[in-house]
Amino acid sequence: MELLGNLALGFSVAVNPTNLLFCFIGALLGTIIGVLPGIGPLATISILLPITFQFQPVTALIMLAGIYYGAQYGGSTTSILVNLPGETSSIVTCLDGHQMARRGRAGAALAVAALGSFFAGCVSTLLIAVASPPLARLGLSFQAPEYFSLMVLGLIGAVVLAHGSVVKAVGMIVLGLLFGMVGTDLNSGRQRYSFGIGELSDGIGFVTLAMGLFGVADILVNLERSVAPRLTAVIGKLWPTREEFRHAAPAALRGTVLGSLLGVLPGGGAALASFAAYALEKKVSRRPEEFGRGAVEGVAGPESANNAAAQTSFIPMLTLGIPSNAMMALLVGAMSIFGVIPGPRILTEQAGLFWGLVASMWIGNVMLLIINLPLIGIWVQMLRIPYRLLHPMILLFCCIGVYSLNTSAVDVGLMALFGLLGYALLKLGFEPAPMLLGFVLGPLMEENLRRALVVSRGDATVFITRPISAALLALSLLGLASVILPNVRRVRQDAFQE
Amino acid sequence: MFQRQDVLGGLLLVGLGVAGLVFGAPLEMGTPRRMGPGFFPMILSWLLIGLGGIVAIGGAVRAGATASRIAWRPLILITVATGAFGALIDRTGLLLATVAVVALSAFAGRDARPAEVAALAVTMAVCTAVLFVYALGQPLPLWGR
């Protein structure tokens with residue numbers, strides 16, 4: 001019954017007219033940027049962050065969260081209609097969603113995606129409400145060694161579940177941690193890597209870093225390829241047939257369960273969940289030959305999974321203060337600007353904010369269903385905006401956003417530098433998202449390492465003699481071994497062949 | 001060999017790690033029991049050098065993807081546009097900075113049309129002034145400080 005009381009508190013916060021309005025704005029913006037290829041939720045939230053500083057923290061977070069899960073809805077629209085994923089998490093939706101559209105079932109595919117997402121959104125909201133209090137209680141018993149080991153696990157998890165080279169992903173995290181060292185050392189008061197630039201003595205602004213890496217670098221990469229979406233499909237009737245419904249419902253259920261689990265894991269998130277759900281559907285299906293030719297399960301599963309994961313990834317971020325992906329790292333940064341420190345205490349000290357956010361997610365999902373189904377035609381029209389008009393606007397908003405954060409022109413220059421770095425990294429096959437994770441966790445990790453070593457008088461074995469910390473480190477090692485070992489084998493094989 | 005993605009990428013990480021060591025040299029290491037300001041940065045810099053080395057050597061030993069060509073036009077124009085905004089915002093204010101960033105960045109693409117760019121730049125200048133300065137009350141100088 002504690003749950004009902006908490007949810008009642010949450011809804012009383014969330015139905016406040018201002019919060020309702022910004023929940024709607026967030027969901028709407030999320031849908032729009034989800035539809036538009038070339039701008040994702042990371043960049044959008046970075047751009048809008050400075051504007052939210054004059055809001056109440058809870059209002060700001062409700063809107064920013066709405067952008068994130070709203071983008072999961074919008075991203076599927078372009079995948080289905082023009083075979084062009086609006087977001088990375090809807091890449092797999094192209095496979096069967098667009099095939100359905102070519103057969104004249106675009107309306108049904110859109111409806112299945114939206115209804116599946118809605119179902120997943122409701123379940124995962126409830127899951128956040130149920131799972132958070134016990135996790136927060138566990139978190140309260142953690143001390144410096146446990147926190148340090150938990151962060152190691154979080155960072156390793158991001159590596160294990162990332163695609164591509166493990167060593168490169170670890171490199172990105174370490175680079176992020178190093179960028180996190182810039183500024184005044186809190187313990188000694190010494191300046192680190194600030195090169196006498198006043199703006200750097202408080203550290204690199206995480207908005208500056210995020211906008212450079214995701215806003216500016218994305219523009220540079222997008223301008224290299226020429227993307228011209230063609231609107232070919234007719235939407236047709238929205239309601240799925242009974243046959244389609246019979247195939248889609250169990251797939252949505254499986255996708256929700258799988259997505260909810262993958263969202264909580266460190267390194268998990270919407271993109272990973274959608275790929276995993278597609279693979280699962282193909283494996284359990286009695287008609288795997290239909291996949292790639294317009295199987296409705298191939299839309300329902302991944303679309304439910306990405307929405308579920310987008311929402312459950314809030315659980316470790318809010319209750320333990322450990323972001324599981326770049327998006328959550330951005331929200332941790334946003335919250336700390338508002339003076340709200342995510343972690344086990346948030347449930348007791350900021351109960352209104354926490355439960356208000358949870359309740360707003362359910363309300364936001366209802367809004368998204370309305371925004372996406374009856375009004376779908378409007379968003380599709382937005383695809384007619386050519387990128388040559390979009391990219392100058394995106395760059396302009398990045399500039400204004402970074403500047404107005406500290407009214408500092410130096411930050412704009414720094415953003416340009418990080419844009420160049422992000423472009424170089426993308427060109428060389430690095431994934432810059434884990435870098436943001438390292439950047440946010442850097443100072444926290446150093447502080448917890450320092451505290452743990454002070455208490456143990458410089459004895460590093462403290463991390464393996466405390467049971468919870470040892471278990472967390474063992475898990476990290478296991479995860480790392482599982483991805484490195486096959487690699488070692490492959491290298492050997494290559495060597496033998498030559 | 002130096003066109004290979006992983007060789008270049010690895011060397012980039014090594015370079016950043018070396019920079020971390022060089023510029024972090026004045027910071028005291030301290031002892032594990034009393035970590036100095038240089039303790040954690042030094043660990044990270046060495047880790048970065050090690051990881052970069054592994055990536056670079058791996059790229060040199062195995063034949064891997066070569067880095068694709070750099071598209072200089074967007075790279076230069078977008079960077080210059082961003083720099084122009086930073087240089088102009090305090091001196092001439094939001095309106096002119098907006099025109100500069102929109103006009104310069106629009107020509108980063110290959111299909112820019114001069115008349116359209118001019119219209120977009122003026123429209124955006126008016127819109128940002130109304131939206132950010134009047135509606136949202138952001139502390140942006142319209143005509144410089």
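This is a predicted model: local features need pLDDT of at least 70, side-chain atom pairs count only at pLDDT 80 or more; totals for chains, interfaces and linings use all residues.
Biologist: Why do helix 10 of chain A and helix 11 of chain A count as oblique to each other?

Modeller: Helix 10 of chain A and helix 11 of chain A are oblique to each other because angles under 35 degrees count as roughly parallel, over 145 as roughly antiparallel, 65 to 115 as roughly perpendicular and the rest as oblique. Helix 10 (residues 242–264) of chain A packs on helix 11 (residues 270–284) of chain A at an angle of about 140°, with axes 9 Å apart. Axes are lines fitted to C-alpha atoms, for helices over the stretch in contact, and angles run from 0 to 180 degrees between N-to-C directions. Helices are DSSP runs (H or I, at least four residues), numbered from the N terminus.

Biologist: Which residues of helix 10 of chain A make the contact?

Modeller: A251(A), R254(A), G255(A), L258(A), G259(A), L262(A) and G263(A). Contact means C-beta atoms, placed from the backbone, within 7 Å.

Biologist: What average pLDDT does chain A have?

Modeller: 83, with 93% of the residues at 70 or above; pLDDT is the predictor's confidence in each residue, from 0 to 100.

Biologist: How many residues does each chain put into the A–B contact?

Modeller: Chain B gives 59 residues and chain A gives 54. Among the helices of chain B supplying at least two residues each is helix 2 (39–61).

Technical notes: Residues are numbered from 1 along each chain as its sequence is written. Chains are lettered from A and ligands numbered from 1 in the order in which they are written. Two residues are in contact if their C-beta atoms, placed from the backbone, lie within 7 Å.
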